[in-house]
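Please write a short briefing on the structure shown here, for someone new to reading protein models.

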Amino acid sequence: MRILYVAHNHPPKNAPLESVGGMQRVSMQLVSELKKRADVDVKNIIQHAPWKGIELRTALFLGHLTRKLPGIAADYNADIILFSSMATASLAKLTRNRIDIPMVTINHGHDVKLSFPPYQRFVPHVFEALDGVISVSSATRQECINRGMDPEKGIALPNGFDYQHLQETPDKRISRSHLEEVFGIDLSNKKLLLTVGRQVKRKGHEWFLKEVLPKINSDILYLAIGDGPEHEKLLEVWQNHAQKDQILLIGKQPDEILQQAYAAADVFIMPNIPVAGDMEGFGIVLLEANLASTPAVASDLEGIKDVITNGENGHKIPVKDSDTFAQKIDQVLNEDYEVLSANTRKFVEQNFGWDKVADQYISYLGEVIKKYKNSTR
């Protein structure tokens, strides 16, 4: 199988790893995994660009490919074109009458629900031009259907996860000592709750601080890593919080600190809330925590539904149910921790390794190619 892979959002080749976002990591790991396979050949068309000014760069990138993609596909003798997101999948609509092979996209959630009326009017036309759609969760697939995608075109497949760089999990005691030293904190006799991710409204940081944290009975420290448009507002909430000494907002951190935090944490927290025009497509940071044997307590919402199996790698809580959220955290910390912690890493390795997910991708792409050929005879 000859796959022409098109992505617009890889970082500059010399960018530090900590500057890479979740969608970027997944795309880079997918390319790496496909290149290992003996049953596929991959040609990449990838824009390497920083986030600053990405909109203009992407417009120029897509404009160039609108003219060049048909010729590139023909010269490569591609069997199928795979787009990394709905942004690059717009090329399917723009080139459909000049390309005679199937085209498939991966989509992640926000790239489907983006709240911009002209974009939303264009999305159904993109689905019409595509021959297949891989959504990273069942919730994302449903959002595609809601926007006019033929259900038979789409499939929900998880993000793969490259856990090779996390094979050696730091020792919990050493990691806790490291965090104490770096951030000048005291974790003696405290349970560590951790959130990692871009601080946007859908992540629910503010809701958690205001509605859940005051109801937790255990002696905890809540550590939030990440930045984003909500960061300054969260600092204001922290400044006026009655439990401010139990909250640590440390902004964006390098991968070395992330790995120490994942290992040091007792529970990973993902308190997402519904936000119009946005959604959680998958939740890769939750799996990163799981690989450090840290179970999760998270909202039962959108893509998170496909990542957590209750009692295996954590617990899903009804959306915005602050009482149950707090009670479950206390229960995990005081009753379920040993069993959950022992299970989480094994759960991720068995269900989300790229080798297993790539098999599903290749099987689906093969089905799309076969169906396309039969429909054009």
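In this predicted model, strands β3 and β4 run parallel and are joined by three bridges.

- β3 and β4 sit within an open sheet of six strands, in the order β2-β1-β3-β4-β5-β6, and the pairing is parallel.
- β2 (41-48) and β6 (154-156) are the edge strands, each pairing on one side only.
- On average, neighbouring strands of the sheet are turned by 20° against each other, direction ignored.
- Helix α13 (residues 354-375) packs on the sheet and touches β1, β3, β4, β5 (132-135) and β6.
- The direction of α13 makes about 165° with that of β5.

**An enclosed helix**
- Helix α3 (residues 86-95) is largely enclosed by the rest of the structure, because seven of its ten residues are buried.
- Those buried residues are Met86, Thr88, Ala89, Ser90, Leu91, Ala92 and Thr95.
- They pack against the strands β1 (2-10), β3 (80-83) and β4 (103-107), and against the helices α2 (54-76), α4 (110-113) and α5 (117-129).

**A pair of helices**
- Helix α8 (residues 205-212) packs with helix α9 (residues 231-239) at an angle of about 10°, and their axes are 10 Å apart.
- Angles under 35 degrees count as roughly parallel, so α8 and α9 are roughly parallel to each other.
- Their crossing is left-handed.
- α8 contributes His205, Glu206, Leu209 and Lys210 to the contact, and α9 contributes Lys233, Leu234 and Val237.
- By class, the contact of α8 with α9 has three nonpolar, three charged and one polar residue.

Definitions and conventions
Residues are numbered from 1 along each chain as its sequence is written. This is a predicted model: local features need pLDDT of at least 70, side-chain atom pairs count only at pLDDT 80 or more; totals for chains, interfaces and linings use all residues. Side-chain values use heavy atoms; hydrogens and water are left out. Buried means under 20% relative accessible area, exposed over 50%, partly exposed in between (1.4 Å probe, protein chains only). Helices (H or I, at least four residues) and strands (E, at least two) are DSSP runs, numbered from the N terminus. Contact means heavy atoms within 4.5 Å. Two strands pair if DSSP finds at least two bridges between them. Axes are lines fitted to C-alpha atoms, for helices over the stretch in contact, and angles run from 0 to 180 degrees between N-to-C directions. Angles under 35 degrees count as roughly parallel, over 145 as roughly antiparallel, 65 to 115 as roughly perpendicular and the rest as oblique. A crossing is left-handed if the near helix is turned anticlockwise from the far one by less than a right angle, and right-handed if clockwise. Ala, Val, Leu, Ile, Met, Phe, Trp, Tyr, Cys and Pro count as nonpolar, Asp, Glu, Lys and Arg as charged, and the others, Gly among them, as polar.
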